[in-house]
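Here is a short tour for anyone who likes to see the geometry spelled out. Have the viewer open and follow along.

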Amino acid sequence: MLVRLPVTAASTVAVFIRRRIPAAYLLSTKSSMTSDSSGTAFTTIKEIVSLEKEIKKSKFIAIAGPISSEQSAQLFLSQVRDPRATHNCWAYKVGDQHRSSDDGEPSGTAGKPMLSAICSSGLDRVMVVVIRYFGGIKLGTGGLVRAYGGVTSDCLKTASPCLFKSKVQMGVEVTFDLLGVVYNQLQSCQAEDIKEDYDTGKDGTTMVSFKVDFDQVDKLEDAIKSNCKRDLVFFKNLAIGSQLG
């Protein structure tokens, strides 16, 4: 979809184009996109979006997309950058990891304000590349900061947010007479992929394995222990993630 906005007093023209992510960019692989070593939820964007602005005859094109790692960020950059442009500045954030580049612009005038805009948006696992075609008029340090930070912020505002919540793979060994109690609690916490393994553990017991949202782990443990009236041992391993929006 193409939307043209009126020219402002600052001679700025903005256009944004929303487009689906090609299959190569879809970060839907459960191991790469939805796993989160810290066991928390995060919000990224559903698809690649771009926004174009003309500021004092220079054209700025911001392209934002979801990423899962530094490697996928480098791949994204290699596919969207334009070697004919004056500058291809970028910034990304993946959890606690973040990087940015001014790509020839004065130090701190491009990558840093872009990264600041990403952090302010509340999004994670996202990268923005801003391509600039110089129009002959210098913007100055402050003008560059406003231009790069502004086009990044505006581009991210056009994106559809997508919440992911990590799941934890769990297991607990219980006697047969407690299975009904355990299943009731698993259902109340909306556990998934519930399985029983009778070949593991002692006679008269079974290993019940399941997946549950990370924020339900403590609640589920307490509920099972309380209702079973046993000090059970739980096995945990970060599993996959679920897309919530």
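## Lys56 and the ground rules

Let's begin at Lys56, which is partly exposed, with a relative accessible area of 43%. Buried means under 20% relative accessible area, exposed means over 50%, and partly exposed is what falls in between (1.4 Å probe, protein chains only). Lys56 sits in the loop between S4 and S5, and its phi is near 50 degrees, a positive value in a residue other than glycine. For background, most residues other than glycine have a negative phi.

A word on the model: it is predicted, so local features need pLDDT of at least 70 and side-chain atom pairs count only at pLDDT 80 or more, while totals for chains, interfaces and linings use all residues. Residues are numbered from 1 along each chain as its sequence is written, and side-chain values use heavy atoms, with hydrogens and water left out.

## The overall fold

The protein has six helices and 12 strands. Both kinds of element are DSSP runs, numbered from the N terminus: helices are H or I with at least four residues, and strands are E with at least two. Of the 245 residues in the protein, 47% are buried.

Contact here means heavy atoms within 4.5 Å. Among the contacts in the protein with a separation of 6 or more, residues 24 or more positions apart account for 72%.

## Two nonpolar cores

A nonpolar core is a set of buried Ala, Val, Leu, Ile, Met, Phe, Trp, Tyr and Cys residues joined through side-chain atoms within 4.5 Å. The largest one has 25 residues, and those touching the most other members are Phe60, Ala64, Met114, Val128, Val130, Tyr148 and Leu156. Strand S4 (49-55), strand S5 (58-66), S6, H3, S8 and H4 each give two or more residues to this core. H4 gives the most, with six residues. A second, separate core has 19 residues, including Leu179, Val182, Leu186 and Val212.

Leaving aside neighbours within four places in sequence, Val130 is in contact with Phe60, Ile61, Ala62, His87, Asn88, Cys89, Met114, Tyr148, Val151 and Thr152.

## Helix H3 and its partner H4

Which residues of helix H3 (residues 111-121) are buried? They are Gly111, Pro113, Met114, Leu115, Ala117 and Ile118. These buried residues pack against S6, strand S7 (97-101), strand S8 (126-133) and helix H4 (140-157). Just after H3, Gly122 takes a positive phi of about 80 degrees.

The axes of H3 and H4 come within 8 Å and cross at roughly 35 degrees; such axes are lines fitted to C-alpha atoms, for helices over the stretch in contact, with angles running from 0 to 180 degrees between N-to-C directions. On the H3 side, Pro113, Met114, Ala117, Ile118 and Ser121 meet Val145, Tyr148, Gly149, Thr152, Ser153 and Leu156 in H4. By class, this contact has seven nonpolar, four polar and no charged residues. In that count, Ala, Val, Leu, Ile, Met, Phe, Trp, Tyr, Cys and Pro are nonpolar, Asp, Glu, Lys and Arg are charged, and the others, Gly among them, are polar.

## Asn88, a buried polar side chain

Is Asn88 buried or exposed? At 4% relative accessibility, Asn88 counts as buried, and its place is in strand S6 (residues 87-94). A polar atom of the Asn88 side chain lies 2.9 Å from the backbone nitrogen of Asp82. Leaving aside neighbours within four places in sequence, Asn88 is in contact with Arg81, Asp82, Asp103, Val130 and Ile131.

## The loop between S7 and H3

Asp103, one of the contacts of Asn88, is found in the loop between S7 and H3. Asp103 has a positive phi of about 45 degrees although it is not a glycine, and at 31% relative accessibility it counts as partly exposed.

Gly108 is found in the loop between S7 and H3 too, and it is partly exposed because its relative accessible area is 28%. Leaving aside neighbours within four places in sequence, Gly108 is in contact with Asp102, Pro113 and Val145. Gly108 and Thr141 are 33 residues apart in sequence, with a C-alpha to C-alpha distance of 8.8 Å.

Definitions and conventions. A polar contact is a pair of N or O atoms within 3.5 Å; within protein, one must be able to donate a hydrogen and the other to accept it, and residues adjacent in sequence count only if both atoms are side-chain atoms.
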